[in-house]
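Work through the exercises below with the sequence and the model side by side. Try each task before reading its solution.

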Amino acid sequence: MTGNVFRTSLRSHQAGALRASDAGVQVSLAGWVHRSRNLGGLVFLDLRDRAGIVQVSFDPKTTSTDVIGKAASLGQETVVRIEGVVALRPAEMRNSEIETGDVEVHATSVTVLGPAETPAIPVARGKGEKLANEDLRLRYRHLDLRRPELQNNILLRHRLQQSTRRYLDEHGYLEIETPILTKPTPEGARDYLVPSRVHEGEFYALPQSPQLYKQLLMVSGFDRYFQIARCFRDEDLRADRQPEFTQIDIEASFVTPEDIMELTEGMLGVLFADAGISIPAKFRRMSYAECMERYGCDRPDLRYGLEIVDVTDAFRNADFGITRSAIDAGGRVRGIKIPGGAGMSRKQVDEIEQIAKSAGAFGLLRLKKANGALEGPVAKFIDESGAAALALDEGDLMLMVASKDQISSTALDRVRQDVAKRLNLVPEGSVEMVWVTDFPLFGEDTETGGLAAVHHPFTAPHPDDVSKLDTEPRNVRALAYDVVMNGTELGGGSIRIHDTAMQKRVLGMLGISDEDAKMRFGFLLDALSAGAPPHGGIALGFDRLAMLLSGAPSLRDVIAFPKTTAARALFEGAPTPVNEQDLHALHLELRKQ
């Protein structure tokens, strides 16, 4: 497409797009009055539109008194149309802080298109200026969205969506929409239920993901599918979680994990480039077991070191009750060596210990090497061979947890992150990508003590571990993979079970009876029995990706109309009570508590 695509009957150019090359051009502009200044008859307006801000001048030498009077009376955020000529500013009057700073518009007329009351919150404040509190900004979202920061975030989000579509289309993927009103099939969080008016006592559910539908599409022969999908989860509220969210959903047939990872690496390379960020063409690979051993979590931040090490051997012969009890109970002593950490104050280490305790650890064991010797409360329990096993250099600090791995991993993960921030060990602007693979197929159901699906119950077991399903189910690996950036999970996927017998077997191991499986997943089981190709895919959190690539501090800054952390929509006032007549039509009545 050529020419000025923004030209309309009311404007010839975007205000924020004018440059020195436009000098002498007659223009019609339309936008919002950002601010105005009356300098004794000479009036200046800053006119704002989506492209930015341009200065407009009303000079008595070239503009009528009536036009100047009208310009002087305009309130902030009034929508106006300006006609005039683009002129170069005098060199000493140019503004290098805005892209239109070399020019101004000498106005000949002004027309009010949309009068405005005094805005309820300040709009488009300058850098460093304090904003209204977030609840107030969400209440007046139409004003908050006029801020350049938010508009730039939404524009980047748009570009990311379009690049996603282009990339996947070029790789043969079909964009296919799946239902929003669907069958309740809980996947780990609660469904949002929608009562049916025409089928009394029956309910739809809003989809937590298109998982089952995309598998059905593979069975149907559409061997490459994608969707920028809206998903809904009625889960317990957490900071920066949204009850409705968007994901890039992908599924393909006749693939292995390598195929999906290669596709994802290429797509993310394109999306990161949209944000001006370069990432490697191939990402590192690390197994779940290695991640947990070295970093204590399955989404490691690889921008800095501070790896967890096993120092059990240093305490093997130590007559120290805490470590002896942990080792005898099948636990280990694991820790993080902090180079130069011996200089940290007691207060700092106490603060770090509180973080470990909040993660379930009884506390931290501390050792440092200073003046050639080990120092700290446990130093007297360490013999010469133990000191050699610790391998501390002068000035090092070792922080340790003696416990079962489940506790020490979580605690040392938190310690690692805190120390990295405290000591400024995270390189600014660096990006480290990693694939985490070979997740366990099963975890523990905390309520029943039985097996629970780590990802979802449609994930295929690793072929090498199928023989362990009956004897060592907790040691069965899944054909599952997560992509992680700087300690944040961008998305995850797996190869799916495509054999009906195996799917029934896995559901049974999760405590789902044949009858319950038929009721909840019968349509999937029927489809698999009709001849299903091997297939798999991935889902990437699009809101989170947009947040990270824009540098926004919150998911709410990359979503046009987000919910609060209490799952409320302050702008439109949702959720809201419903009158009894509407409830009656849905065959519902409220039970008073």
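The model is predicted, so local features need pLDDT of at least 70 and side-chain atom pairs count only at pLDDT 80 or more, while totals for chains, interfaces and linings use all residues. Residues are numbered from 1 along each chain as its sequence is written, and side-chain values use heavy atoms, with hydrogens and water left out.

**Exercise 1**

Classify the ring pair of Phe320 and Phe381, and state how buried each residue is.

Step 1. Rings of Phe, Tyr and Trp (its six-membered ring) pair if their centres lie within 6.5 Å; planes under 30 degrees apart count as stacked, over 60 as edge-to-face and the rest as tilted. This rule gives 6 aromatic pairs.

Step 2. The ring centres of Phe320 and Phe381 are 4.6 Å apart and the planes are at 25 degrees, so the pair is stacked.

Step 3. The two residues are 61 residues apart: Phe320 is in the loop between strand E12 and helix H8, and Phe381 is in the loop between strand E15 and helix H10. Helices (H or I, at least four residues) and strands (E, at least two) are DSSP runs, numbered from the N terminus.

Step 4. Buried means under 20% relative accessible area, exposed over 50%, and partly exposed in between (1.4 Å probe, protein chains only). Phe320, at 13%, is buried, and Phe381, at 25%, is partly exposed.

**Exercise 2**

Classify the ring pair of Trp435 and Tyr481, and locate both residues.

Step 1. The centres of these rings, Trp435 and Tyr481, are 6.1 Å apart and the planes are at 80 degrees, so the pair is edge-to-face.

Step 2. Trp435 lies in strand E17 and Tyr481 in strand E20, so the pair ties together parts 46 residues apart in sequence.

Step 3. Both Trp435 and Tyr481 are buried. Ring pairs also link Phe283 with Trp435 and Tyr481 in a cluster.

**Exercise 3**

Compare the reach of helix H4 with its expected span, then find what covers its buried residues.

Step 1. The expected span of a helix is 1.5 Å times one less than its number of residues. Helix H4 (residues 148-170) has 23 residues and reaches 33 Å from its first C-alpha to its last, close to the 33 Å expected.

Step 2. Among the buried residues of H4 are Leu156, Leu160, Thr164 and Leu168. An α-helix has 3.6 residues a turn, so residues three or four places apart point the same way.

Step 3. The cover over the buried residues of H4 includes helix H3, strands E9 and E10, and helices H6 and H14.

Step 4. Just after H4, Gly172 takes a positive phi of about 85 degrees.

**Exercise 4**

Describe the largest nonpolar core and the contacts of Leu168.

Step 1. A nonpolar core is a set of buried Ala, Val, Leu, Ile, Met, Phe, Trp, Tyr and Cys residues joined through side-chain atoms within 4.5 Å. The largest has 60 residues, and Leu168 is one of those with the most contacts inside it. Helix H6 gives the most to this core, with 7 residues.

Step 2. Contact means heavy atoms within 4.5 Å. Leaving aside neighbours within four places in sequence, Leu168 is in contact with residues including Tyr173, Phe226 and Ile248.

**Exercise 5**

Which strands stand at the edges of the sheet?

Step 1. Two strands pair if DSSP finds at least two bridges between them. The open sheet has 8 strands in the order E6-E9-E10-E22-E21-E20-E17-E11, with mixed pairing.

Step 2. E6 and E11 stand at the edges, each with a single partner strand, so one side of each is left without a neighbour in the sheet.
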